[in-house]
Amino acid sequence: MRAVLFGASGQLGRDLARECRARGHALAALQRCDCDIGEEQAVRREIVKHRPDWVINAAAFNLVDQAESEPRAALRDNALAVRSLAQACRDAGATLLQFSTDYVFDGGKSIPYTERDLPGPRSVYGVSKLAGELFARSLCPKHYVLRVAGIYGPWGRHTRRGNFPEFVLRLAAEGRTLQIVRDRLATPTFGTALAKRSLDVLELGIPFGLYHLAGGETVSWYAFAREVVRAARCSAEIVPVSSAEHAAQALRPRYSALSNARIQAAGIARMPAIEDCLREYMLLRRRDPAGRGRGRPQSA
């Protein structure tokens, strides 16, 4: 199959590109310097040029706190750009794969969110990603919207934004005490496993629509930090703190675990256990992948 990938320089984009090529698909992997997803005509030109069967959007404005002071930029990349992609895919007859986030929810539940739960984002970032979902679902008949959470992949160490394990390992290496929130729970998602299952979605042709495809296990960020340190076989002092003690510019849901039951019922494999994900993460990290992407992050 022919695919166009936007956001190819991000940590998820790199995993998606590698997986797509490994499966023998013809891929046009586009970075921001190749095509700015916020430029409607440029996006349309690329889709017309490559005539893809699939369009995969791993590009996004994903700086959650910065979005509070730069709402136009967040809405441009996460909402209006998706509108353009959805329209171009509809006109070309291509399938759109769009990634969204657990931050579309308000965090008021205490059991994992399903696709039937009503969104209620608390941040500009969450609002912008929800708007992107709605554009994809309403404008492109052949679409998959995959909600994910806290992506971490081996390429994250080579992007400006990084990811949570890299944050933990950097502070541990510096001998600093880590203060990690204990009362925010989510389902962190291993990017390599996510990329494989995302390609499975496209190849198997499950029914179009909205799905959750996150880590599969609910943990606090404090507990996840402990798992990272254990997997890396390093030592660090990790102190649990409350969300109130760890104030941030953007409000985040206290509970945003996602249930993968619907996508598993459609035939997509269960996500690996956290221990297995982190073991593979550390192995891939030691191999230090080449192609270190820099610049403004565009991974979902």
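The following dialogue explains the terms applied to this predicted model.

Mentor: The model is predicted, and local features need pLDDT of at least 70, side-chain atom pairs count only at pLDDT 80 or more, and totals for chains, interfaces and linings use all residues. Residues are numbered from 1 along each chain as its sequence is written, and side-chain values use heavy atoms, with hydrogens and water left out.

Trainee: Why is Arg 147 called buried?

Mentor: Arg 147 has a relative accessible area of 2%. Buried means under 20%, exposed over 50% and partly exposed in between, with a 1.4 Å probe and protein chains only; therefore Arg 147 counts as buried.

Trainee: What makes the link between Arg 147 and Glu 133 a polar contact?

Mentor: Their side chains are joined at 2.7 Å. A polar contact is a pair of N or O atoms within 3.5 Å; within protein, one must be able to donate a hydrogen and the other to accept it, and residues adjacent in sequence count only if both atoms are side-chain atoms. The 2.7 Å value lies within that limit, so the term applies. A polar contact of 3.0 Å also joins the side chains of Arg 147 and His 212.

Trainee: How many charged residues are in the lining of the second largest pocket, and what makes a residue charged?

Mentor: That lining has six charged, four nonpolar and no polar residues. Asp, Glu, Lys and Arg count as charged; Ala, Val, Leu, Ile, Met, Phe, Trp, Tyr, Cys and Pro as nonpolar; and the others, Gly among them, as polar. Glu 227 and Arg 230 are among the lining residues, so both count as charged.

How values were computed: On a 1 Å grid over the protein atoms alone, a cavity is a set of points where a 1.4 Å probe fits but cannot get out, and a pocket is an open set with protein on both sides within 12 Å along at least five of seven lines; lining residues have an atom within 4 Å of a point.
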